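Please examine the sequence and the structure shown below before reading the briefing. The points that follow are grouped by topic.

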Amino acid sequence: MEDCIFCKIINGDFGTEFVLENEYAVVFNDINPKAPVHMLVVPRVHAASLNEVEDKNLLGELMMTVKQAAAKAGLKSYKTLINTGKEAGQEVFHLHIHVMGEKK
Ligand code: 5GP
Ligand code: ZN
(Lines give C-alpha, C1' and ligand atoms only; values in the text may rest on other atoms or scores of the structure.)
(Ligands and ions follow the chains in the order given, each with its own letter.)
Protein backbone atom coordinates (compact mmCIF):
# COMPACT_ATOMS: atom_id res chain seq x y z
CA MET A 1 0.00 0.00 0.00
CA GLU A 2 1.26 3.46 -0.90
CA ASP A 3 2.40 5.60 2.02
CA CYS A 4 2.60 2.63 4.40
CA ILE A 5 6.02 2.51 6.00
CA PHE A 6 5.85 -1.23 6.70
CA CYS A 7 4.81 -1.99 3.11
CA LYS A 8 7.87 -0.01 2.02
CA ILE A 9 10.10 -1.97 4.41
CA ILE A 10 8.65 -5.27 3.11
CA ASN A 11 9.29 -4.03 -0.42
CA GLY A 12 12.95 -3.45 0.47
CA ASP A 13 12.79 0.31 -0.07
CA PHE A 14 14.93 1.08 3.00
CA GLY A 15 17.24 -1.92 2.87
CA THR A 16 15.99 -3.05 6.30
CA GLU A 17 17.62 -6.28 7.41
CA PHE A 18 15.14 -9.08 8.11
CA VAL A 19 15.63 -11.37 11.09
CA LEU A 20 13.68 -13.89 9.03
CA GLU A 21 11.11 -13.97 6.29
CA ASN A 22 8.70 -16.53 4.92
CA GLU A 23 5.75 -16.72 2.55
CA TYR A 24 3.48 -14.90 4.99
CA ALA A 25 5.58 -12.45 6.97
CA VAL A 26 8.81 -10.60 7.46
CA VAL A 27 10.47 -10.00 10.81
CA PHE A 28 12.73 -7.05 11.56
CA ASN A 29 14.06 -5.26 14.61
CA ASP A 30 12.10 -2.33 16.01
CA ILE A 31 13.83 0.98 15.32
CA ASN A 32 13.06 2.13 18.87
CA PRO A 33 13.49 -1.02 20.97
CA LYS A 34 11.69 -1.29 24.31
CA ALA A 35 13.58 -4.47 25.26
CA PRO A 36 17.08 -5.86 24.57
CA VAL A 37 15.51 -7.84 21.74
CA HIS A 38 12.46 -6.18 20.17
CA MET A 39 11.26 -7.56 16.85
CA LEU A 40 8.19 -6.91 14.75
CA VAL A 41 6.42 -9.73 12.93
CA VAL A 42 4.69 -8.13 9.95
CA PRO A 43 2.39 -9.83 7.42
CA ARG A 44 3.34 -9.33 3.79
CA VAL A 45 -0.22 -8.35 2.92
CA HIS A 46 -1.33 -4.92 4.06
CA ALA A 47 -4.00 -4.90 6.77
CA ALA A 48 -4.41 -1.77 8.87
CA SER A 49 -4.88 -3.69 12.12
CA LEU A 50 -5.95 -7.02 13.59
CA ASN A 51 -9.55 -5.91 13.16
CA GLU A 52 -9.16 -6.01 9.37
CA VAL A 53 -7.95 -9.62 9.18
CA GLU A 54 -10.39 -12.51 8.71
CA ASP A 55 -7.86 -15.01 7.35
CA LYS A 56 -7.42 -17.60 10.12
CA ASN A 57 -4.63 -19.33 8.26
CA LEU A 58 -2.67 -16.07 8.08
CA LEU A 59 -3.21 -15.42 11.79
CA GLY A 60 -1.93 -18.91 12.58
CA GLU A 61 1.09 -18.45 10.33
CA LEU A 62 1.89 -15.15 12.04
CA MET A 63 1.92 -16.85 15.44
CA MET A 64 4.13 -19.62 14.08
CA THR A 65 6.43 -16.90 12.77
CA VAL A 66 6.56 -15.35 16.25
CA LYS A 67 7.90 -18.65 17.60
CA GLN A 68 10.42 -19.02 14.77
CA ALA A 69 11.67 -15.45 15.25
CA ALA A 70 12.01 -15.91 19.01
CA ALA A 71 13.95 -19.12 18.51
CA LYS A 72 16.20 -17.54 15.89
CA ALA A 73 16.90 -14.57 18.18
CA GLY A 74 17.76 -16.93 21.03
CA LEU A 75 14.78 -15.98 23.19
CA LYS A 76 13.35 -18.64 25.47
CA SER A 77 11.07 -16.17 27.26
CA TYR A 78 9.39 -13.28 25.53
CA LYS A 79 6.33 -11.07 25.49
CA THR A 80 4.10 -10.53 22.48
CA LEU A 81 1.95 -7.47 21.94
CA ILE A 82 -0.51 -6.31 19.31
CA ASN A 83 -1.74 -2.73 19.59
CA THR A 84 -5.07 -2.34 17.83
CA GLY A 85 -6.33 1.21 17.34
CA LYS A 86 -4.91 4.63 18.08
CA GLU A 87 -6.22 4.75 21.65
CA ALA A 88 -4.44 1.48 22.41
CA GLY A 89 -1.15 2.93 21.19
CA GLN A 90 -1.09 1.75 17.59
CA GLU A 91 1.13 4.11 15.60
CA VAL A 92 1.77 2.16 12.42
CA PHE A 93 -1.42 1.07 10.69
CA HIS A 94 -0.11 -2.14 9.17
CA LEU A 95 -0.72 -5.10 11.47
CA HIS A 96 2.36 -6.17 13.42
CA ILE A 97 3.15 -8.32 16.43
CA HIS A 98 5.78 -7.04 18.84
CA VAL A 99 8.10 -9.74 20.21
CA MET A 100 10.15 -8.56 23.17
CA GLY A 101 12.60 -10.33 25.38
CA GLU A 102 16.09 -10.70 26.69
CA LYS A 103 18.63 -13.38 25.89
CA LYS A 104 19.57 -15.21 29.08
P1 5GP B 1 2.75 0.35 17.31
O2 5GP B 1 2.78 1.48 18.32
O3 5GP B 1 2.06 0.77 16.04
O4 5GP B 1 2.22 -0.94 17.89
O5 5GP B 1 4.25 0.04 16.98
C6 5GP B 1 4.94 0.57 15.90
C7 5GP B 1 6.39 0.23 16.12
O8 5GP B 1 7.06 0.40 14.89
C9 5GP B 1 7.08 1.12 17.14
O10 5GP B 1 7.62 0.32 18.19
C11 5GP B 1 8.15 1.83 16.33
O12 5GP B 1 9.36 2.01 17.04
C13 5GP B 1 8.33 0.93 15.12
N14 5GP B 1 8.72 1.62 13.90
C15 5GP B 1 8.14 2.74 13.37
N16 5GP B 1 8.74 3.08 12.22
C17 5GP B 1 9.71 2.15 12.00
C18 5GP B 1 10.68 1.99 10.97
O19 5GP B 1 10.77 2.74 10.02
N20 5GP B 1 11.52 0.92 11.08
C21 5GP B 1 11.44 0.05 12.13
N22 5GP B 1 12.32 -0.95 12.13
N23 5GP B 1 10.55 0.18 13.13
C24 5GP B 1 9.70 1.22 13.07
ZN1 ZN C 1 1.24 -1.71 4.76
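Ala69 belongs to helix H2, which spans residues 56-72; helices here are DSSP runs of H or I with at least four residues, strands are runs of E with at least two, and both are numbered from the N terminus. Ala69 is classed as buried because its relative accessible area is 0%; buried means under 20%, exposed means over 50%, and partly exposed lies in between, with a 1.4 Å probe and protein chains only. The C-alpha atoms of Ala69 and Asn11 are 20 Å apart in space, and the two residues are 58 residues apart in sequence.

This is a predicted model, in which local features need pLDDT of at least 70 and side-chain atom pairs count only at pLDDT 80 or more, while totals for chains, interfaces and linings use all residues. Residues are numbered from 1 along each chain as its sequence is written, chains are lettered from A and ligands numbered from 1 in the order in which they are written, and side-chain values use heavy atoms, with hydrogens and water left out.

**The surroundings of ligand 1**

- Ligand 1 is surrounded by 16 residues, and the closest are Asp30, Gly89, Glu91, His96 and His98; a residue counts as near if one of its heavy atoms lies within 4 Å.
- Helix H1 (5-10) and strand S2 (25-29) each contribute at least two residues to this shell.
- H1 provides the largest share of the shell, three residues.
- By type, the shell residues are seven nonpolar, seven polar and two charged; Ala, Val, Leu, Ile, Met, Phe, Trp, Tyr, Cys and Pro count as nonpolar, Asp, Glu, Lys and Arg as charged, and the others, Gly among them, as polar.

- A nitrogen atom of ligand 1 lies 2.9 Å from a backbone N or O atom of Asn29.
- For Ile31, a backbone N or O atom is 3.2 Å from a nitrogen atom of ligand 1.
- The side chain of His98 has an N or O atom 2.8 Å from an oxygen atom of ligand 1.
- The protein buries 85% of the 520 Å² that ligand 1 exposes when taken alone; accessible areas come from the Shrake-Rupley method with a 1.4 Å probe, and for residues only the protein chains shown count as cover.

**The loop between S4 and S5**

- Both Gln90 and Phe93 are located in the loop between strand S4 (78-81) and strand S5 (97-101).
- Gln90 is buried because its relative accessibility is 3%.
- A polar atom of the Gln90 side chain lies 2.9 Å from the backbone oxygen of Ala48.
- The Gln90 side chain also reaches the backbone nitrogen of Gly85, at 2.8 Å.
- Phe93 counts as partly exposed because its relative accessible area is 38%.
- Phe93 and Asn29 are 64 residues apart along the chain, and their C-alpha atoms are separated by 17 Å.

- Asp3 is part of the segment before H1.
- Asp3 is exposed because its relative accessibility is 67%.
- Although Asp3 is not a glycine, its phi is positive, at about 65 degrees.
- Most residues other than glycine have a negative phi.
- Gly15 is situated in the loop between H1 and strand S1 (20-21).
- Gly15 counts as exposed because its relative accessibility is 61%.

Methods: Polar contact = N/O pair within 3.5 Å; in protein donor to acceptor, adjacent residues only side chain to side chain.
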